[in-house]
Amino acid sequence: MASYFSQSKVLWTPRTPGFTNADLLRRLVNRKYGLDLQDYHALHKYSVEHKEFWLDLWEFLGIISSVSPRQDRITSPGKFKEIPVWFPDARLNYAENLLWRSDDAVAITATAETGSIEHYTFKQLREMVRKMASALKLSGLQLLAGTLAIVANSIHPVVIALAVASIGGIFSSTATDMGVHGILDRYRQIQPKFIFSDTEVSYSGKHIDLTDKIRQVVGDLDGYGLQQIILLPSRITGTEIGLQGLKNSLTLSNFLRTADDSPLRFEQLPFSQPLFILYSSGTTGKPKCIVHSAGGVLMQTKKDIQVGFDLCMNETYFQYTTTGWMMWTFMLSGLATGARLLLYDGSPFFPDLKTYLKLIDRQNVTLLGTSPRFLAEVQGQGTSPLELGQFNALKTIACTGAVLTPPLFEWAQYAFGGNIHLISTSGGTDVCTAFVSGTATLPVYAGEIQCKGLGQSVEVFDPNGNNIEHMGQPGELVCTKPHPSLPLFFWGDDTGEKLRDAYFSTYPGIWRQGDFMVVNPQTKGILILGRSDGVLNPSGVRFGSGEIYTVLEKFSSVFDDTLCVGQRRAQDQDERVLLFVKMRDGQRFTPKLEEQVRNTIRTALSARHVPAYIFEIGEIPYTVNGKKIEIAVKQIVSGSNLQPSGTVANPESLKLYYKFRDIEAVANAVKAKL
């Protein structure tokens, strides 16, 4: 246990825990039932043992509905036995819950790397949604019809998504940097009726023309029931671009001219009404089309943002994300809390990192959503945020997408001021929520995720299905009870076979997330050690890649990034660990540095954690959402001839790893050069 939690020291303690949203919820439950729940952990225990918690949460969050849920029918049997129908008698609308404000306060500030800043009030946002919804309805959008978007992170996808939700349609989006192959892998499966697309965008100072991509996508989908293509104005010039010869296409302004003056109507629909389609990473095959319910996404994301992140009305939430990541869908519920959303279109490093950090300060961001990769880059560049701004409004930093290692955790805690509540979270596109997250009522320990999410019955299982959480030993992250944002189904998976195989096959009837985790028995804090299908297992010793990455933070000034995978070829009796390092500009990988890395890992962990081979590599593969791709590399170096999918941001990088199948030859060649 010591190797996992030896660095667990307090970085932050709440000054006023009694004034947080989480504590207000705890006191509500105590008053309602005459209980004496003393702290967050007691509230969590109540939340997973009593299904009535979800009614308490409904009340606390102020979910708007035309028909309230019944006390005696919180769930009913669903299409698949593992996934019940939640609140079967309730009727509500997702968009209504996000558009309840109609005043002149700013709802959305849309910014871009070009320096543009545009503000939209709640009143303006409602009118934009009304007009879009009217045009969609008059063009034939109906219940459960699919509307898709290939869009940058601007005001347009927000308006489109909320308009579709108001009608009861289904919405899905991809980022503009996804290739044609990746887009078609998704959209062929769900056969959309409407497609909205940007025509021209800017990223990292480069102007990107999307018209050829649009023609290829639309041409392929023409035989799948596609009815209309709406072209959005250029993100560079603001002018509209029409595409001659593109059947059933028109510009956004011409599409909106078809709208009438009818008032905005929110169709009252079941809690389990399908609304969003999100996609699995699909790095080694076609992505799964994960269908989420309107009510499930609303309740879980609003809970995470309002109760977990403690976001309040009139504060500002800035989540750096593309429209193709689940965090874009997650972010929308900031509107449901009455907060302002700050949108950003472009690269955070253009024109430079300092400009981006100054934007966060000058826009008075309260809640910053970011990734360990970004924080590591700020640290690696030697940039001091406090030299660029005061960050007086910044209350919370929520970090997700990868493991936030203890050294980086400690650096980030003080980089923006010691009073910042730094939260590390882990959830998934599969559930559009966090299994483990943070709360403003508990202390923060270096490297530890603070707590389990309310209503999330998270446990640590060994391979035999035993709960080993109390032992401080690593195992599988499982969720032993259902919750409202379990996916309704995979698109096209009528029998549920694929869904069941993805999540419920390892431990029948129990959700297995695929993360390797350990819980600190003293603090109850959590470490995510990596993906369980990427667990390293040399000579029967199981550990996560996150443990290696934590140690390698000491080398952040020389390593731009690292990748740690296991290799077991057909001829190998045992698995070996390979470590790939990408050097920062101006740095060299030398035998002396390699020996320092080995000694550091041996001292911090054990001799059995030391990689069998360490190699310099030119590129680390990432998904389009910025996550390292370990599994594909593991499969390649172990002998698989996989074809990368469209979710790999830099697919050419995977070619660098094929030569390591003959690991002995590569090692000998490296030695010969020395």
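Let me begin with a definition: a residue counts as buried under 20% relative accessible area, as exposed over 50%, and as partly exposed in between, with a 1.4 Å probe and protein chains only. The model is predicted, so local features need pLDDT of at least 70 and side-chain atom pairs count only at pLDDT 80 or more, while totals for chains, interfaces and linings use all residues. Residues are numbered from 1 along each chain as its sequence is written, and side-chain values use heavy atoms, with hydrogens and water left out.

I will start with the backbone. Most residues other than glycine have a negative phi, and most peptide bonds are trans. Lys524 is not a glycine, yet its phi is positive, near 70°; the residue sits in the loop between strand S30 (511-519) and strand S31 (526-531), where helices (H or I, at least four residues) and strands (E, at least two) are DSSP runs numbered from the N terminus. With a relative accessibility of 45%, Lys524 is partly exposed. Asn248, also not a glycine, has a positive phi of about 60°, and this residue belongs to the loop between strand S13 (228-231) and strand S14 (249-251). Its relative accessible area is 40%, so Asn248 is partly exposed.

The peptide bond between Phe350 and Pro351 is cis, with omega about 0°, and Pro351 is placed in the loop between strand S19 (340-345) and helix H13 (353-362).

Now to a helix pair. How do the axes of H2 and H4 cross? Helix H2 (residues 21-33) and helix H4 (residues 53-61) have axes that come within 11 Å and cross at roughly 120°, the axes being lines fitted to C-alpha atoms over the stretch in contact, with angles from 0 to 180 degrees between N-to-C directions. H2 and H4 are therefore oblique to each other, given that angles under 35 degrees count as roughly parallel, over 145 as roughly antiparallel, 65 to 115 as roughly perpendicular and the rest as oblique. Contact means heavy atoms within 4.5 Å, and in this contact the H2 residues, including Leu24, Leu28 and Lys32, meet H4 residues, among them Phe53, Asp56 and Phe60.

Finally, is Thr121 buried or exposed? Thr121, in strand S7 (residues 117-121), is buried, because its relative accessibility is 15%. Leaving aside residues up to four places away in sequence, Thr121 touches Asp103, Asp104, Ala105, Val106 and Ala107.
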